Amino acid sequence: MTEAQRPNDGSTPGLRKAPVLSVDQIDGGCIVRLAGELDLYNAPAVREALTAASADGPKRVIVDLSQVEFIDSTALGVLIEARTKLPDRQGFLLAGPGLETRRALEISGLDRHFAVHDTVDEAISAPA
């Protein structure tokens, strides 16, 4: 497969995936889709995306973690920080964490402080 034929997956040849896949507007909020390894290296990009998503005080910010392969304490701290920027902290929802990400949330105790949903659709339809 030539370079021109490779699908664009948000990564750079030889480097890790881009941590922020997209920020999509939904009625009353937005969905921030994250991917790859979230750690000290790319925490600033994740922080910037979450801060921008929270800037206008949306009712909800849904963080899609379904494509996250690894998350460290720095990135968990970024999630905590982002949640504090919303007027209604209950509007900060996590969705679709895989096994490793779910374990990190459980070990840190954050699964008891964040609303964690199995899918983005479930988070969207959760009561406000």
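Modeller: A helix here is a DSSP run of H or I with at least four residues, a strand is a run of E with at least two, and both are numbered from the N terminus. In this predicted model, Arg89 lies in the loop between helix H2 (73-84) and E4.

Colleague: What makes Arg89 partly exposed?

Modeller: The relative accessible area of Arg89 is 43%. Buried would require under 20% and exposed over 50%, so with 43% Arg89 counts as partly exposed.

Colleague: Which residues is Arg89 in contact with, leaving aside its neighbours within four places in sequence?

Modeller: With those neighbours set aside, Arg89 is in contact with Arg83 and Thr84. As for Lys59, it is 30 residues from Arg89 along the chain, and their C-alpha atoms are separated by 9.2 Å.

Colleague: How do you know that strands E3 and E4 pair?

Modeller: Two strands count as paired if DSSP finds at least two bridges between them. Strand E3 (residues 60-71) and strand E4 (residues 92-95) have four bridges, in the parallel sense. In that stretch of structure, Val61 stands opposite Phe92 in E4.

Colleague: What is the order of the strands in the sheet?

Modeller: The open sheet has five strands in the order E1-E2-E3-E4-E5, with mixed pairing. Strand E1 (20-26) and strand E5 (115-117) are the edge strands, as each pairs on one side only. From one strand to the next, the twist averages 25°. Helix H3 (residues 99-108) packs on this sheet and touches E3, E4 and E5; the direction of H3 makes about 110° with that of E3.

Colleague: In what order do the elements run from the N terminus on?

Modeller: They run β-β-α-β-α-β-α-β-α, which covers four helices and five strands.

Colleague: Why is the pair Glu69 and Lys17 called a salt bridge?

Modeller: The term needs a side-chain nitrogen of Lys or Arg within 4 Å of a carboxyl oxygen of Asp or Glu. The closest N and O atoms of Glu69 and Lys17 are 3.0 Å apart, so the pair qualifies under that cut-off. Glu69 lies in strand E3 and Lys17 in the segment before E1, so the bridge ties together parts that are 52 residues apart in sequence.

Colleague: How many salt bridges does the structure hold?

Modeller: There are six. One of them joins Arg33 and Asp24, with the closest N and O atoms 3.1 Å apart. Arg33 is partly exposed because its relative accessible area is 26%, and Asp24 is partly exposed at 29%.

Colleague: What makes the link between Arg103 and Glu100 a salt bridge?

Modeller: Their side chains meet at 3.7 Å, N to O, and the cut-off is 4 Å, so the term applies. Both residues lie in helix H3, three residues apart, about one turn of the helix. Arg103 has a relative accessible area of 43% and Glu100 one of 44%, so each is partly exposed. Elsewhere, salt bridges that share partners join Asp24, Arg33 and Asp64 into one network.

Colleague: What share of the protein counts as buried?

Modeller: Buried residues make up 40% of the 128 residues. The protein exposes about 7300 Å², and carbon and sulfur atoms supply 51% of that area.

Terms used. Residues numbered from 1 in each chain as written. Predicted model: local features only at pLDDT ≥ 70, side-chain atom pairs only at ≥ 80, totals over all residues. Heavy atoms only, no water. Axes fitted to C-alpha atoms, helices over the stretch in contact; angles between N-to-C directions. Contact = heavy atoms within 4.5 Å. Buried < 20%, exposed > 50% of the residue type's maximum accessible area, 1.4 Å probe, protein only. Areas by Shrake-Rupley, 256 points an atom, 1.4 Å probe, with all protein chains shown as cover.
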